[in-house]
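Trainee: Could we go through this one together, slowly, with me asking whatever comes to mind?
Mentor: Of course, have a look at it and start wherever you like.

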Amino acid sequence: RENAEVNNPATVEPISARAERTRAAILAAAEDLFARKGFSAARLEDVADTVKMTLAALFYYYKDKQALYDAMFEDAFGPLRDELERILAADDSIAARIEMAAGAWVDTLVARPTLARLLMRFVADGPEPHTHGILSDDDQITMRFLALFEEGRSSGEITPVDDNFFLVASSVVGTTIFYVGALATLVPQQDQSSAMEAEQIIGLKTEVLLSLRHLLGIKGKTKR
């Protein structure tokens, strides 16, 4: 009976599905490794060891460390980029779209804390070996939100305390990265290995939203 099941195509995982599962395991291992060690110190041998495969087998999926690094970033931040694209195209007020973008950012890092540490490594490594922006230079999402900010400021929909869009962006980005990725290192009582409690998540999103509304001069509930 066992032989019959082995020989039955219905019981054998398709090669494409098996390859995708392996690829996902490689990307997960790479995300953790690059977040802990950075690009320069990370070794492909360590990724291969984590997923229990040979280095030669790893090269079948990614030709070198740069290719793996780029694929890892796309896997990590692609869903966020897609969500921000949806928000940019939404038929909502400017203030509402900016708030939704901030919420999507917080949700992404809370759901996947490794990304916060990965971003800290990304910044610490400097301009090399990064050949692309975190959210892809081709999409220019940051510049599109800057244009949205300027449109809202010109129309009076938002009245920012400072005309510098990047001051607002750094408040949202920096607060979230620090809270999710760095606080546990500085405050021993925080358990970095455990998921954030629902109450903590609500508190973080509330503080980010309050800070954002203050910096943008938004009063009351945003119109959608």
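Trainee: Which residues in helix 6 do L80, E83, L84, I87 and L88 in helix 5 meet?
Mentor: They meet R97, M100, A101, A104, W105 and T108, where contact means heavy atoms within 4.5 Å. Keep in mind that this is a predicted model, in which local features need pLDDT of at least 70 and side-chain atom pairs count only at pLDDT 80 or more, while totals for chains, interfaces and linings use all residues. Residues are numbered from 1 along each chain as its sequence is written, and side-chain values use heavy atoms, with hydrogens and water left out.

Trainee: What counts as a helix, and at what angle do helix 5 and helix 6 pack?
Mentor: Helices are DSSP runs of H or I with at least four residues, numbered from the N terminus. Helix 5 and helix 6 (residues 94–111) pack at about 165 degrees, their axes 9 Å apart; axes are lines fitted to C-alpha atoms over the stretch in contact, and angles run from 0 to 180 degrees between N-to-C directions.

Trainee: Switching topic, how are helix 2 and helix 5 arranged?
Mentor: Helix 2 (residues 15–41) packs against helix 5 at an angle of about 110 degrees, with the axes 10 Å apart. Helix 2 and helix 5 are therefore roughly perpendicular, which covers 65 to 115 degrees.

Trainee: Which residues in helix 8 does helix 6 meet?
Mentor: In helix 6, I94, R97, I98 and A101 meet F145, L148, E151 and G152 in helix 8.

Methods. Helices (H or I, at least four residues) and strands (E, at least two) are DSSP runs, numbered from the N terminus. Angles under 35 degrees count as roughly parallel, over 145 as roughly antiparallel, 65 to 115 as roughly perpendicular and the rest as oblique.
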